[in-house]
Amino acid sequence: MSNTIENVIIIGSGPAGHTAAVYAARADLEPLMYEGFMAGNVAAGGQLTTTTDVENYPGFPEGIQGPQLMDEMRKQSKRFGTRIKTETVAQVDLSRRPFRIRTESGDEVQARSVIIATGATAKTLDLPGVSRLWQKGISACAICDGALPLFRNKPLVVIGGGDSACEEALYLSKFGSEVHMLVRRDQMRASRIMQQRVQDNDKITVHWNTLPVEVLGDELVSGVRVKDKHSGEQRDITAGGLFFAIGHQPNTAFLEGQLESDEVGYLITEPDSTRTSVEGVFAAGDVKDHVFRQAVTAAGSGCMAAIEAERWLAEQSD
Ligand code: FAD
Ligand code: NDP
């Protein structure tokens, strides 16, 4: 293990990690970032590397391609001196200071403070047709993709019965000709108010006890084959788009429960702050946010984490 003690180590390389890096580097903290190597099943740069047009990140009136946006953020981090290692953090020891961090290749480093920005992975189903038609009418983020011309005035399918599924179905009802929600049980997990809104919306049809079997289409999605959970009977729903809304998995397994988290694994931070349950450890972006999950909110909390880390480090050296 190196004897050097880093001021701040940033784990993760999405909008939260890179914004934290820019702020920490400009504050002369000389941050070290572990950007991950296919961690959480996404490339370095995070979830936006898996999408095409990003139309809601301010500063790009014509939109920007997700991978390009992340490339620009990476350049900006490096411009101010962030050192970036393309490695995945396998383990951390947050029980004593300096904190210890070990990568998958066995490197060990010590740090005075840590910013965790490892994101969350949208759950999808490995149905026939999904990998072939991914991004050709299939998405795991209606708020991100729903307004694209591809989905306008087409029948759309949402899988899931939680608050996200309801929210996405309601959002998609503004763009699609109709929305079909596939709910695998005879009831929804969603809150009462969200269920009521779905029920009150004429464009949404809920299909109870219904499981997706296959995504249909050649070049683009043309429908979804579904089956009744009880009878096993199959039928096809015509659709120009399919949206997974079956939950997300925050990338926190490597923390092995050392930070307070909710039952799903999202890190818990103090209100209006990125401070976690361990002093000197901060969390930013989707890894601590199951509500907004947007690039701009992730970037905002990355900025907060760097400022909080800087202030905390200054207090320690007083
Ligand atoms: P992420 O972007 O998830 O990045 C986390 C990074 O950490 C990843 O690179 C991962 O590999 C790395 N990592 C994980 N574990 C480790 C580890 N142990 N060690 C090292 N590295 C690790 N939002 C919008 O605002 N507009 C959009 O148009 C939009 N479109 C989207 C389209 C799709 C298909 C998806 C899936 C999401 C979209 N989003 C969009 C949401 C947006 O991508 C996320 O809110 C945002 O990327 C979250 O940023 P983050 O920095 O918290 O995490
Ligand atoms: P949830 O875990 O709450 O719901 C996931 C849904 O997907 C459930 O209906 C679940 O069914 C279904 N599902 C899971 N796996 C499958 C599968 N393999 N096939 C078919 N269906 C499946 O996730 P959400 O993302 O909806 O919500 C996460 C958290 O965020 C919740 O606390 C929620 O309240 C909150 N949230 C709040 C919002 C708001 O208040 N406006 C908006 C969005 C999220 P089953 O019930 O059978 O397990």
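Modeller: A residue is called exposed when its relative accessible area is over 50%, and buried when that area is under 20%. Please keep in mind that this is a predicted model.

Colleague: Thanks! Why is Asp-272 called exposed, then?

Modeller: The relative accessible area of Asp-272 is 78%, and the cut-off is over 50%, so Asp-272 counts as exposed. You will find Asp-272 in the loop between strands E18 and E19.

Colleague: What is the phi of Asp-272?

Modeller: Phi of Asp-272 is near 55°. That is a positive value, and Asp-272 is a residue other than glycine.

Colleague: Which loop holds Glu-30, and why is Glu-30 called exposed?

Modeller: Look in the loop between helix H1 and strand E2 (32-34) for Glu-30. With 55% relative accessible area, against a cut-off of over 50%, Glu-30 is therefore exposed. Glu-30 is not a glycine, yet its phi is positive, about 50°.

Colleague: What makes Gly-66 a buried residue?

Modeller: The relative accessible area of Gly-66 is 0%, which is under the 20% limit, so Gly-66 is buried. Gly-66 belongs to helix H2 (residues 66-79). Beyond its neighbours within four places in sequence, Gly-66 is in contact with Leu-48, Thr-51, Thr-52 and Val-54. From Gly-66 to Gln-47 there are 19 residues along the chain, and their C-alpha atoms are separated by 8.4 Å.

Colleague: Gln-47 makes me curious about ligand 1. Which residues are the closest to ligand 1?

Modeller: Gln-47 is one of the closest, along with Ala-39, Asn-56, Asp-286 and Ala-295, in a surrounding set of 36 residues. Helix H1 (15-26) and helix H7 (295-317) each give at least two residues to that shell. By kind, the shell has 16 nonpolar, 16 polar and four charged residues.

Colleague: What makes the pair formed by ligand 1 and Ala-39 a polar contact?

Modeller: A polar contact needs a pair of N or O atoms within 3.5 Å. An oxygen atom of ligand 1 is 2.9 Å from a polar backbone atom of Ala-39, so this pair qualifies. Ligand 1 on its own exposes 1,000 Å², and 97% of that is buried by the protein.

Colleague: Which side chains make polar contacts with ligand 2?

Modeller: Apply the 3.5 Å limit again. Ser-164 has a polar side-chain atom 2.7 Å from an oxygen atom of ligand 2, and a side-chain N or O atom of Arg-185 is also 2.7 Å from an oxygen atom of ligand 2.

Colleague: Which helix supplies the largest share of the shell around ligand 2?

Modeller: H5 does, with three residues. The shell around ligand 2 has 15 residues: four nonpolar, six polar and five charged. H5 (residues 163-172) also has buried residues, among them Ala-165, Cys-166, Ala-169 and Leu-170. They belong to a buried set that packs against elements including helix H4 (142-145), strand E11 (155-159) and helix H6 (192-200).

Colleague: One last stop: where is the cis peptide bond?

Modeller: The cis bond joins Arg-97 and Pro-98, with omega about -5°. Pro-98 sits in the loop between strand E6 (89-93) and strand E7 (99-103).

Notes. Residues numbered from 1 in each chain as written. Chains lettered and ligands numbered in written order. Predicted model: local features only at pLDDT ≥ 70, side-chain atom pairs only at ≥ 80, totals over all residues. Heavy atoms only, no water. Near = heavy atom within 4 Å. Polar contact = N/O pair within 3.5 Å; in protein donor to acceptor, adjacent residues only side chain to side chain. Areas by Shrake-Rupley, 256 points an atom, 1.4 Å probe, with all protein chains shown as cover. Helix = DSSP H or I, 4+ residues; strand = E, 2+ residues; numbered from the N terminus. Nonpolar A, V, L, I, M, F, W, Y, C, P; charged D, E, K, R; others polar. Buried < 20%, exposed > 50% of the residue type's maximum accessible area, 1.4 Å probe, protein only. Contact = heavy atoms within 4.5 Å.
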